[in-house]
Amino acid sequence: MVHTLELAIALTRLNHQVCIFALDKDEQGFEQKLPCAVGLIPADAAPREINQLIYQRIQEFVLFLSAQSLGFDIYHAQDCIGANALLELRQQGKISHFVRTVHHIENYPSPYLQQCQDKSIRYPDLCLCVSDRWQQSLKNDYGIHAPRVFNGVNLERFSAQPCSGDADLKGRYGLTGTPIFLTVGGIEPRKNSICLLKAFAQVRLQYPHAQLAIAGGATLFDYQPYRDRFFEVAQALDIRVGQSLVLPGIIPFADLPALYRCADVFCFPSVKEGWGLVVLEAIASGLPIVLSKQPPFTEFLASDQAHWVNPERPDAIAQGMIQAVKAPLILDAAKRDSLLSTYSWQRSAQGHLERYRQLITAHQ
């Protein structure tokens, strides 16, 4: 969602007309005011069975868009659901071509979900990706050359400069520990949450008043068995929710920048990411980073810009966390600005425009 919104804002600032179509489950729309048009698609109560859920969401997209007067030059899906909907619309003759960005590829146990993912990758007129890792996977596994168009970071929003409301946010979320380790993305397998929890237990031997905050967690998929295991491990390690373990859930849009600034270290030992937008947000917020030593992170950060760890070893993650407290690698303002300016949403938008124009020319 962040990629979609920031790209839409950047394209609008470059004087292009943009409309975001999005499923609206709670009839609340987006938290922030957007400078572009928005088409909110009513989303009915979803069935519990995941295959039925995905099918229903695709059809909600198709029915809504079929009723619109579609006259856009480009249709761009950022996920499997949107891409399958656009594929149906192209088959109906409602649109002539569409683009899909592949952020990462999942291994689904369900044949239906795997088929949906494969169709969303194989059949767009153009596939884009955000990192070398997934560009190579698309080439090896699908025989597709997907041009790479990188992500960005919003420096108007994320900053190391303290604000008057930071202390209040700490109080509201119960962030009273020393030090505070933050991760963003919720509790799920690809975020490597259980390994991070085990590492945190080792860190507490040196820092008994430390806290681990795990923010976020909204997802289509049910990771309940993994979550159950996570809380079993927490109980076995005497890590108590609401005390040393803080689980604020989904963070309001306005709170996230301050949440980064309230932390001492950002931990992200993820085992699978498309890019890792939160890593750049944390760097922009002035935090030292504990990060998996693997792509895509190694594509855009140098060896001295993060505390690199083996994500499969809790002891290695713990050592990285402790090192980030004792001797944090924090980029000075000049180096930080140089890194982050490379990954602006304006530059990302310009890269998208180049690919859009090539596709339009090919279809003309």
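Where is the place of Thr101? Thr101 sits in strand S4. Strands (E, at least two residues) and helices (H or I, at least four) are DSSP runs, numbered from the N terminus.

This is a predicted model: local features need pLDDT of at least 70, side-chain atom pairs count only at pLDDT 80 or more, and totals for chains, interfaces and linings use all residues. Residues are numbered from 1 along each chain as its sequence is written, and side-chain values use heavy atoms, with hydrogens and water left out.

**The whole chain**

The protein chain holds 14 helices and eleven strands. Its radius of gyration is 21 Å, close to the 21 Å that the globule rule gives for 364 residues, so the chain is as compact as a globular protein of that length. That radius is taken over C-alpha atoms, and the rule is 2.2 Å times the number of residues to the power 0.38. Along the principal axes, the C-alpha atoms fill a box of roughly 65 × 45 × 40 Å.

Of the 364 residues, 53% count as buried. Buried means under 20% relative accessible area, exposed over 50%, and partly exposed in between (1.4 Å probe, protein chains only). The chain exposes about 17400 Å², and carbon and sulfur atoms supply 49% of that area. Accessible areas come from the Shrake-Rupley method with a 1.4 Å probe; for residues, only the protein chains shown count as cover. Contact means heavy atoms within 4.5 Å. Among contacts between residues at least 6 apart in sequence, 67% join residues at least 24 apart.

Helix H4 covers residues 111–122. Its twelve residues reach 16 Å from first C-alpha to last, close to the 16 Å expected at 1.5 Å a residue. The expected span is 1.5 Å times one less than the number of residues. Leu113, Cys116, Gln117, Ser120 and Ile121 are the buried residues of H4. They cover an arc of only 130° around the axis, which puts them on the same side of H4. The arc is that of the directions from the helix axis to the C-beta atoms. An α-helix has 3.6 residues a turn, so residues three or four places apart point the same way. Ser110 caps the N-terminal end of H4, with a side-chain oxygen 3.2 Å from the backbone nitrogen of Tyr112.

In helix H6 (residues 166–173), the buried residues include Asp166, Leu169 and Tyr173. Seen down the axis, the buried residues of H6 fall within an arc of 55°, so they line one face of the helix. On the other side, Ala167 and Gly171 are exposed. Gly174 follows H6, and its phi is positive, near 70°.

| Helix | Cover includes |
|---|---|
| H4 | H2 (50–66), H3 (80–91), S4 (99–102), S5 (126–129), H5 (132–142) |
| H6 | S8 (245–249), H9 (256–262) |

**Two buried residues**

Thr101 counts as buried, at 1% relative accessibility. Its side chain makes a polar contact with the side chain of His76 (2.7 Å). Beyond four places in sequence, Thr101 is in contact with His76, Ala77, Gln78, Leu128, Val130 and His352.

Ala282 lies in helix H10 (residues 277–284). Ala282 is buried, with a relative accessible area of 0%. Not counting residues up to four places away, Ala282 touches Tyr260, Phe266, Leu287 and Ile289.

A polar contact is a pair of N or O atoms within 3.5 Å; within protein, one must be able to donate a hydrogen and the other to accept it, and residues adjacent in sequence count only if both atoms are side-chain atoms.
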